[in-house]
Amino acid sequence: MGITILPPVVEDIGGALHEEVEEPVEDSEGDIEMDFPLRKRPRLAGGKKSKPRDSRSGIVVPGELVTDDPQWMRGHGTFTTPYSTSIIATVAGNVQKTNKLLSVHPLRARYTPEIGDLVVGRIVEVQSRRWKVDVAAPLLAQLPLSAINLPGGILRRRTSADELQIRTFFSEGDLVVAEVQTVHSDGSASLHTRSLKYGKLRNGVFLAVTGTGGTGATLRSAVKGGVGSGTAASAGGVVRSRRQVWTVNTANGGGEVDVILGVNGYIWISKHADGSAAASSATESVSITRMEEMVSSSIYSSQNDEIPPQTRREIARLAQCIRVLVEGGVRVDEETVMRAYEASLQIDLEMATDEDDEDERRREGRDYLGGTKARRILEVVLQR
């Protein structure tokens, strides 16, 4: 018996969203049973011209129809077939409209580097002339030896002696804050730390939020310097167009605390370093060459300073405020973090009583921001 190849049918590819198509039933041996009724299966696309899905009405999943109107153009996160004008989602996320361009913004995705981004990364590999840095991107970023400031204000070409001492600057597991200098054709990034604002991170706690944010994202926490603990939550992501580094004058005798929000979703909260502030103010009126002369070997030290208990408590409070924000799906920036921090202080004042001061056991869980406290903090943040 000969085999007949039929041409493709257009409506079978871009058919109705929930239109039922008859499908033959097979028995246990794989043969088609002709005596039994045909069962139904749903189709992916709609038969009529459909409007594009609105991001406020929910999310789309891979394979779901976005629209079949030919006036729309497909963007990132979508695809079309040669035999249909239907635009179908390839990732799970919200539909974004830009004029006549439709794209799907994924709920969870890796960070895409852009030139000028301030990122926080972790050294994962040390090579002869560069370091490999994890910045939550699909590929590891590169930090060349020529892109850092050497101690003593040395302005010269890096030699073999510097390559032998490369581990004295950064080693595996060190956390660094840097700026994206170049983005290569394959998507990888090159970093640099040629400013006193950048370099090795110490005396604080590290948090990781997915770069794109959105509900369903994850938050991780790691300890460095004896502060912090692990957790998991949904995240709102870090806002790119806001200030990413600022100093918080904390309450309860905690002093000043630095907060660094990396565009890649990595966050660093640490005790304020007086030396870096003095150096930055002193370099405002000097040249770049004079600025490198102020670089000392202490900036590459891995030894944490002594952190008072009051400062540790406020660092932990700021970290918990960020956790509360990401659990509520609120985007993380300077404004929302400071609102959450002020709300947590106000809630503590409202809940503090004379009995709490007398009974130490009732004060043990007062610093925990969760449950009812978290809901009240979110209400205060969202009301403003």
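This is a predicted model: local features need pLDDT of at least 70, side-chain atom pairs count only at pLDDT 80 or more; totals for chains, interfaces and linings use all residues.
Two strands count as paired if DSSP finds at least two bridges between them. Keep that in mind for the first item.

First, a sheet. Three strands, in the order β3-β6-β5, make up an open sheet, and their pairing is antiparallel. At its edges are β3, residues 65-67, and β5, residues 78-79, each of which pairs on one side only. Take β5 and its partner β6, residues 87-89: they are joined by 2 bridges in the antiparallel sense. Within that pairing, Thr78 sits opposite Ala89 of β6. As a reminder, strands of a sheet pair through backbone hydrogen bonds, either parallel or antiparallel.

Next, helix α6. This helix covers residues 334-351, which is 18 residues. From first C-alpha to last, α6 spans 26 Å, close to the 26 Å expected at 1.5 Å a residue. Its buried residues include Val337, Leu345 and Ile347, but also Arg339 and Asp348. What do the buried residues of α6 pack against? They pack against β17 (245-249), α5 (309-327) and α8 (372-383).

Is Ser190 buried or exposed? The cut-off for buried is under 20% relative accessible area. Ser190 has 9%, so it counts as buried. Its side chain makes a polar contact of 2.7 Å with the side chain of His184. Setting aside neighbours within four places in sequence, Ser190 also touches Gln142, Glu179, Val180, Gln181 and Thr182, and His184 is on that contact list as well.

That is the end of my part.

Key: Residues are numbered from 1 along each chain as its sequence is written. Side-chain values use heavy atoms; hydrogens and water are left out. Helices (H or I, at least four residues) and strands (E, at least two) are DSSP runs, numbered from the N terminus. The expected span of a helix is 1.5 Å times one less than its number of residues. Buried means under 20% relative accessible area, exposed over 50%, partly exposed in between (1.4 Å probe, protein chains only). Contact means heavy atoms within 4.5 Å. A polar contact is a pair of N or O atoms within 3.5 Å; within protein, one must be able to donate a hydrogen and the other to accept it, and residues adjacent in sequence count only if both atoms are side-chain atoms.
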